[in-house]
Amino acid sequence: MGKATGFLDYDRKNARVEKPLDRIRHFREFRTPLPLEEQQKQGGRCMDCGVPFCQNGEMMAGMVSGCPLHNLVPETNDLVYTGNWKQAYERLAKTHCFPEFTSRVCPALCEAACTCNLHEQPVATKENERAIIEHAFAQGWVQPCPPKVRTGKTVAVVGSGPSGLAAALQLNRRGHSVTVFERKDRIGGLLRYGIPNMKLDKSVLDRRIRLMEEEGVVFKTGVDVGKDISGEELKKQFDRVILACGASNPRDINVPGRDSGNIYFAVDFLSAVTKSLLDSEFKDGNCPSVKGKHVLVIGGGDTGNDCVGTCIRLGAKSVTQLEMMPEPSKERTPSNPWPQWPRILKTDYGQEEAIAVFGHDPRVYQTTVTEFQKDKNGNVKKAVLVKLEPKKDEKTGRLNMVPIEGSQQTVDAQLVLIAAGFLGSQSYVTDAFQVAVNPRTNVQTRDGEYETSVPGVFAAGDMHRGQSLVVWAIQEGRQAAKAVDRSLMGYTNL
């Protein structure tokens, strides 16, 4: 351990964040990392506590505690503190394919489980990882690693999100020939079109894709497997197939007026915005119109927050974000002790920007929509909202959110974005391969395994485990790659 009293000697310092009223003028990343010397002190705050829940990555009370990738957090933090940046990169790379992604978009499960989080602020592990990988790129340490020997085996990966990319990288380095199929016009899946540019600049994604191409991974865009090419054809062309298409079925809001114009699923909206930005800096007119409109975002999660920040940048007149559940407490409750994931109120960047622009938090709790009203052109103009209250079901014992009679109110809404989560995989893909799915339409496998009901066809990421985090998708991709390698070679060294 570099400094036994580091957590006492050094206060936590975070990256400099551009002020909300300044950053809403652009779609660039708005966090400026600390100088390396300052970041090293942040590594010194890690106390090598002997109970590193930060790298545990296991379920506790239905939530994950620590990093699912099992990154060796105390070791990398110590190497940061001592300035051994190359060793820190090599140590991190043993367990992590893409720290440049998670250090930007992960909610930092490692920090939530940090022992320092008991009484003080946790170690800045997320920003330490960002410093490690960005310094490694700057120093030229991150180089293409093509395999010295090819196995002669071929693998098709369907989907180029974080799980598909992780599986492709691992299997290609093992020596198998990997082809990644993506139905969109660019590689990246959720990383490309589901996460706004200000959270993950696409140049960061392109940098990694170029490296993978130099290592020998083949990427094919504009190919919708299940439509442009059948599952049977793909199985004939390749020795193994990995399905990594994500949980692409958005949860809908089925109320009167749902067929109104200008109601979008959140990811469709974010995808259109990012594509227009990348294609033409919004000059092509293909970005949904937001300027001067009252925007209603249905859903209080990360995607809903991304919609809030995006709409503010596009000139929304107002933004309201609905959340069905009650407002979380500001501090941990006795029923939610460390090292469980803290179920507490968090104000993310989009909400901070809404507060700065409109003077109040955009979130409205215990509220949902009961009706959309149309204008004369068939577009949404208003939404009827109703307040909810928790009530226990006498038969099941479950707590349900039920409408409060007489609490309806009508609000202006010329643009509605539904960010209510996802229900599972899309049927045309699973039907194309005839794989079994569970009641939530996730691709079914045996517990802890990745091969589907169809021999030679594997599944990974959200398509396998359901809607989750980027860090879980990467872990799923790595584990699926291991399973595929073992099925091809009889053993695996991944």
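Analyst: Start with burial: buried means under 20% relative accessible area, exposed over 50%, and partly exposed in between (1.4 Å probe, protein chains only). Helices (H or I, at least four residues) and strands (E, at least two) are DSSP runs, numbered from the N terminus. This is a predicted model: local features need pLDDT of at least 70, side-chain atom pairs count only at pLDDT 80 or more, and totals for chains, interfaces and linings use all residues. Residues are numbered from 1 along each chain, and side-chain values use heavy atoms, without hydrogens and water.

User: How many residues of α18 are buried?

Analyst: In α18, 15 of the 20 residues are buried, so by the under 20% cut-off the helix is mostly covered.

User: What is the span of α18?

Analyst: The expected span is 1.5 Å times one less than the number of residues. Helix α18 covers residues 470–489 and reaches 28 Å from first C-alpha to last, close to the 28 Å expected. Just after α18, Gly-490 has a positive phi of about 85°.

User: Which residues does Leu-165 contact?

Analyst: Contact means heavy atoms within 4.5 Å. Neighbours within four places in sequence aside, Leu-165 is in contact with residues including Phe-98, Ile-187, Leu-191, Met-212 and Phe-219.

User: Is Ala-247 buried or exposed?

Analyst: Ala-247 counts as buried, because its relative accessibility is 10%. Ala-247 sits in the loop between β8 (240–243) and β9 (263–265). Beyond four places in sequence, Ala-247 touches Phe-422, Asp-462 and Gln-467, among others. Its C-alpha is 8.8 Å from that of Ser-468, 221 residues apart along the chain.

User: What lines the second largest pocket?

Analyst: The second largest pocket is lined by 15 residues, with Tyr-89, Ala-93, His-96, Cys-145 and Arg-173 nearest its centre. On a 1 Å grid over the protein atoms alone, a pocket is an open set of points where a 1.4 Å probe fits, with protein on both sides within 12 Å along at least five of seven lines; lining residues have an atom within 4 Å of a point. α9 gives the most to this lining, with three residues.
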